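Here's a quick briefing to read with the model open beside you.

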Amino acid sequence: MWQMLYMAVGEPLFLAGPADTFKCLLRLLGEGATYLVVLKTMGKIFAGFASALILAVPAAYAAWRVTLVREALAPFLSFLKAVPIASVIILLLAWFSSAGISFFVAGFVAFPIIYFELLASLEHIDVKLLEVLSVFRVSGIKGFRYVYFPALCDGLMQTSRVAAGMCVRAGIAAELIGVPMHSLGEKLYKAKLYLEIDDLFAWTVIIVAAGYLFERLFVCCIRRLSVLTGADAGEGSDGNEERRD
């Protein structure tokens, strides 16, 4: 279909063909600078995403436990959800250097998504489990390990694909506006500026692949943590059954 559309347009300045894109992609993949650019941009986006995650976990837990905290955070989160990303990018460029724009934008986009999903997961914890923790005076560490942590992992699994994908798109868009040196946004901007449409398509393929790997890496890490926690819990249950016997 892509080839048919390319033949119908018949103008490489408007649409690059699959063959030209593939050749350009092979050329870019053969250059070491390409991987440095990808790592630089994706590293900043990952750092912004991780920072949002580190802040969202205690914020969601505090909001779940204390109504006053939830009400205090509500206006701020409503602002984060309502403000256009383009306005945020331009405002951040007025405050900070363009070199770190993808970091701030990724964190700005990820925080409310992760916060609301984690808060919903905590609210769906079975009340009976919480009563068991209270009645048997289970320590905070064990309660977190066997009740709260699985709920948080479930929430992260639910939101990981949406949050990670939006972080990558927002981070690249921020770089496209700010044009920091040696970034994926700069490569897209130059490809558009010089009408190198095959380069534009090739870099787009690289960005999609990098975003997919970023998402899968995060999902695998959360799934691994969840499995390890479940295995530990299972071993503890078996041991209790043996002692009762």
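Predicted model: local features only at pLDDT ≥ 70, side-chain atom pairs only at ≥ 80, totals over all residues.

A residue counts as buried under 20% relative accessible area, as exposed over 50%, and as partly exposed in between.

**Salt bridges**

- Side chains of opposite charge can pair when their charged atoms come close.
- Searching the whole structure turns up four salt bridges.
- Glu123 has Arg70 as a salt-bridge partner, and their closest N and O atoms are 2.8 Å apart.
- That pair ties together parts 53 residues apart in sequence, because Glu123 lies in helix H6 and Arg70 in helix H4 (residues 67-82).
- Arg70 is partly exposed too, with a relative accessible area of 31%.
- Arg27 pairs up with Glu31, with 3.6 Å between the closest N and O atoms.
- Asp199 joins Arg27 and Glu31 in a network of salt bridges.
- Lys190 and Glu186 meet through their side chains at 3.2 Å, N to O.
- These two are separated by about one helical turn, because they sit four residues apart in helix H9 (residues 184-193).
- Lys190 is partly exposed at 36% relative accessibility, whereas Glu186 is buried at 4%.

**Aromatic rings**

- The whole structure holds nine aromatic pairs.
- One of them is Phe46 with Phe214, an edge-to-face pair with 6.0 Å centre to centre and 90° between the planes.
- Phe46 belongs to helix H3 (residues 32-65) and Phe214 to helix H10 (residues 197-244), so this pair ties together parts that are 168 residues apart in sequence.
- Phe46 is partly exposed, with a relative accessible area of 41%, but Phe214 is buried at 7%.
- Phe96 and Phe104 make a stacked pair, with centres 4.4 Å apart and 15° between the planes.
- Ring pairs also link Phe46 and Phe214 with Phe49 and Phe218 into a cluster.
- A charge gets involved at Phe116, where the charged end of Lys81 sits over the ring, 4.8 Å from its centre.

**A nonpolar patch on the surface**

- Leu91, Trp95, Phe96 and Phe104 make up a nonpolar surface patch of about 420 Å².
- Trp95 is part of helix H5 (residues 85-95) and is exposed, with a relative accessible area of 59%.
- Phe96 is partly exposed at 38% relative accessibility, and so is Phe104 at 31%.

- Ser102 sits in helix H6 (residues 101-123) and is buried, with a relative accessible area of 0%.
- Setting aside residues up to four places away in sequence, Ser102 touches Thr41, Lys44, Ile45, Gly171 and Glu175.
- Leu122 also lies in helix H6, and it's buried with a relative accessible area of 1%.
- Beyond its neighbours within four places in sequence, Leu122 has contacts with Ala60, Tyr61, Trp64, Tyr148 and Leu152.
- The C-alpha atoms of Leu122 and Tyr148 are 7.1 Å apart, although 26 residues separate the two along the chain.

Note on methods. Residues numbered from 1 in each chain as written. Heavy atoms only, no water. Patch = residues over 30% accessible without salt bridge, like charges linked within 9 Å, V, L, I, M, F, W, Y side chains within 5 Å. Areas by Shrake-Rupley, 256 points an atom, 1.4 Å probe, with all protein chains shown as cover. Buried < 20%, exposed > 50% of the residue type's maximum accessible area, 1.4 Å probe, protein only. Contact = heavy atoms within 4.5 Å. Phe/Tyr/Trp six-rings, centres within 6.5 Å; stacked < 30°, edge-to-face > 60°. Lys NZ or Arg CZ within 6 Å of the ring centre and 35° of its normal.
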